[in-house]
Amino acid sequence: MLAKTETATFLDELFDQGLLIDTGVDGLYGRSGLFEAIGDGFQALVTRYGGADDPEVVRFPPAMSRSIFEKSGYMKSFPQLAGTVHCFCGNPADHVSLLQTIEQGGDWTEGQKASEIVLTPAACYPLYPTAAKRGTLPAEGRLFDLMSYCFRHEPSKDPARQQFFRMREFVRMGTPDQVTEFRAAWLERGQAMIGELGLPFMVDVANDPFFGRAGKMLAVNQRDQRLKFELLIAIESEENPTACLSFNYHQDHFGKTFGLTTAGDEVAHTACVGFGHERVILALLKHYGTNVKRWPASVRQSLGI
Amino acid sequence: MNVKIRDIIAKTVELPGGVTDLVDTSDLYEAGMTSFGSVQLMLALEEAFDVEFPERMLNRRLFSSIATIRAALEELRSENVGG
């Protein structure tokens, strides 16, 4: 009965058009060829805006070392979002009881043991220790180009809040001046890039979703120090637009944590600009509709589709 | 009260130069306290003084020195007496 009066959501529309594919789990979706083609166009656009800086391209799988994850301090701030990979490590007798438990509909996951792998929460996490291993940064610092599927456990019906999503990132490492200049430049570039796509946006100071009451204070600190800016576009709601790009200054957090040093033997500072791959695709689909053939020619040209 | 606050800082916050050279108005962030250090300090103060900092007090400035912490604790205490 409800179905008749209920209005179809944007997610329903994406499923109906076959752009996203339902897997039975909120926030875990397949993508169609067209969805991916729009995304490829967007990635090429990002490369066009950022490629002139000649970043070093690095790609990691969507998982990272558990010990590095522990060292990163992620659990201090976002324990609610983390995903760990657990595996069966038992003997044949354990296997028999495992199968029995599954058969009986019991909790077969109880015996699963944490593996050495954790799901990547943000594309840049595996990078810092890798960069630190190379030794002191050169005088000009370093710049990396990353892209990875990331995982955050936050089941939702909002298609812009998926549990597995892709994040493209440019990460700058160097002196405070080098990394803040990088972030300031991208704050401008990011707006020019989204402007080229004709999407209405706003830029605002922001905070990460730190956990708990202690997290409130971390969030206030982050805002006070203007460490995070987001470029927001309305997707699921006009009142609460979605962060599609973020511009982050980590100060010396990762430098200190992973022993990154500058040519002047100071603790390195880092900053990154992140592009929410699916979010930008969804913003385009929301704004211009799911029939890509009807999108403005200039937008299709920018995306090469 | 300042001695107790100083004691809690010494136990919960890692400062490269320790707490002995700090005066009551020294900036704890300048002395090396991290954002996360300030959160640990906040939680430790709540436990030691049996108070709960309301949301409006959860900011960077409030935990920036022994003097500002003391002022906040006194404000909370007077609110409790009044209420």
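Helix 1 (residues 2-12) and helix 2 of chain B have axes that come within 10 Å and cross at roughly 135°. Axes here are lines fitted to C-alpha atoms, for helices over the stretch in contact, and angles run from 0 to 180 degrees between N-to-C directions. The model is predicted: local features need pLDDT of at least 70, side-chain atom pairs count only at pLDDT 80 or more, and totals for chains, interfaces and linings use all residues. Residues are numbered from 1 along each chain as its sequence is written, while chains are lettered from A and ligands numbered from 1 in the order in which they are written.

**Helices 1 and 2 of chain B**

- Helix 1 of chain B and helix 2 of chain B are therefore oblique to each other. Angles under 35 degrees count as roughly parallel, over 145 as roughly antiparallel, 65 to 115 as roughly perpendicular and the rest as oblique.
- Their crossing is right-handed. That term applies if the near helix is turned clockwise from the far one by less than a right angle, and left-handed applies if anticlockwise.
- Helices (H or I, at least four residues) and strands (E, at least two) are DSSP runs, numbered from the N terminus.
- Helix 1 of chain B brings Lys4(B), Ile8(B), Ile9(B) and Thr12(B) to the contact. Helix 2 of chain B answers with Gln40(B), Leu41(B), Ala44(B), Leu45(B) and Ala48(B). Residues are in contact if their C-beta atoms, placed from the backbone, lie within 7 Å.
- By class, this contact has six nonpolar, two polar and one charged residues. Ala, Val, Leu, Ile, Met, Phe, Trp, Tyr, Cys and Pro count as nonpolar, Asp, Glu, Lys and Arg as charged, and the others, Gly among them, as polar.

**Where chain A meets chain B**

- Helix 9 (residues 212-224) of chain A packs with helix 2 (residues 35-49) of chain B at an angle of about 140°, with the axes 9 Å apart. That angle makes helix 9 of chain A oblique to helix 2 of chain B.
- The crossing of these two helices is right-handed.
- On helix 9 of chain A, the contact uses Ala214(A), Met217(A), Leu218(A) and Asn221(A). On helix 2 of chain B, it uses Ser35(B), Ser38(B), Val39(B), Met42(B) and Leu43(B).
- This helix contact holds six nonpolar, three polar and no charged residues.

**The sheet of chain A**

- Three strands of chain A form an open antiparallel sheet in the order 4-6-5. Strands pair if DSSP finds at least two bridges between them.
- Strand 4 and strand 5 of chain A are the edge strands, and each pairs on one side only.
- Neighbouring strands are turned by 50° against each other on average, direction ignored.
- Strand 4 (residues 63-65) pairs with strand 6 (residues 113-119) of chain A over three bridges. Met64(A) has Val118(A) as its bridge partner.
- Strand 5 (residues 84-87) also pairs with strand 6 of chain A over three bridges. His86(A) is bridged to Ala114(A), and Cys87(A) stands opposite Lys113(A).

**Domains of chain A**

- Chain A is assigned domain 1 (2-83 + 121-303) and domain 2 (85-119). These bounds come from an automatic or database domain assignment.
- The C-alpha centres of the two domains lie 34 Å apart.
- Ten residues of domain 1 touch six residues of domain 2 of chain A. Strand 4 of chain A gives the most to the domain 1 side, with three residues.
- That side of domain 1 has seven nonpolar, two polar and one charged residues.

Terms used. Two residues are in contact if their C-beta atoms, placed from the backbone, lie within 7 Å.
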